[in-house]
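Here is a short report on one protein chain. Look at the fold first, then at two sites.

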Amino acid sequence: MGGKTQKTEAAPDPWDIGFGAALFVFALVALFIWFPNDIRGGFVETDHAGKIEPGDAFFPVLLACAILALSATHVLKVLLLQRHTGEDGAHAGLSRDDLMFLVLFNLVVVCGLAAMYWLGPLAVSIANAISGNELTYRQMVDTFPYKYIGYGVGGFIMTASLIAWAEAGLRWQAIVAVMSVIAVSIVVFDILLINVQLPPNADY
């Protein structure tokens with residue numbers, strides 16, 4: 001006794017299990033229903049010179065497989081690991097703070113994706129207004145700097161905002177890290193892999 005809080009074994013959190021299970025099902029649907037019916041290219045393809053290179057389905061399949069593995073690991077971890085909480089520390093379900101977190105998190109992601117999708121076409125429209133041209137973003141989708149504007153700015157907004165939120169501030173080291181990751185991804189996906197377009201350029 002003596003004021004000590006008694007420890008009891010708590011049942012697995014149903015929200016944790018549901019989250020992992022939902023992602024697991026989503027990954028299976030993507031791999032076996034969505035991708036086969038929506039992506040025309042294969043996982044790997046051979047170009048005209050006989051060189052094997054990533055196909056249209058390469059990166060979506062890798063991402064779905066990663067989600068599948070991580071979600072399965074998450075569910076197994078929740079089911080197998082014992083969680084110890086105090087008598088008054090039992091999980092009370094999805095709280096108002098949890099819902100607010102989800103709303104704000106999704107708001108940040110949506111704003112980043114919106115910037116990623118619209119800034120490129122907006123930059124082309126501004127350039128047209130200045131130069132008097134009538135070019136479309138589809139025509140400039142593989143032209144520097146337009147093809148990098150949406151991906152770079154939208155990716156920075158999304159990742160830097162989430163880091164600043166998590167750390168209650170944005171340090172210069174975080175800014176350098178975000179910009180470095182974006183730069184490396186541009187080099188890998190746009191320069192080294194010549195048949196891959198940065199998001200959202202493939203949608204235009």
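The report below covers the model, the overall fold, a serine site and a surface patch.

## Model

This is a predicted model, where local features need pLDDT of at least 70, side-chain atom pairs count only at pLDDT 80 or more, and totals for chains, interfaces and linings use all residues. Residues are numbered from 1 along each chain as its sequence is written, and side-chain values use heavy atoms, with hydrogens and water left out.

## Overall fold

The protein chain has six helices and four strands. Helices (H or I, at least four residues) and strands (E, at least two) are DSSP runs, numbered from the N terminus. From the N terminus, the order is β-α-β-β-α-β-α-α-α-α.

Of the 204 residues, 26% count as buried. Buried means under 20% relative accessible area, exposed over 50%, and partly exposed in between (1.4 Å probe, protein chains only).

## Ser71

Ser71 sits in helix H2 (residues 58–80). Ser71 counts as buried because its relative accessibility is 2%. Beyond its neighbours within four places in sequence, Ser71 is in contact with Gly20, Leu23 and Phe24. Contact means heavy atoms within 4.5 Å.

The Ser71 side chain also reaches the backbone oxygen of Leu68, at 3.0 Å.

## Helix H3

Helix H3 (residues 96–131) gives the most to a nonpolar patch, with eight residues. Phe101 belongs to helix H3. Phe101 counts as partly exposed because its relative accessibility is 44%.

Methods
Polar contact = N/O pair within 3.5 Å; in protein donor to acceptor, adjacent residues only side chain to side chain.
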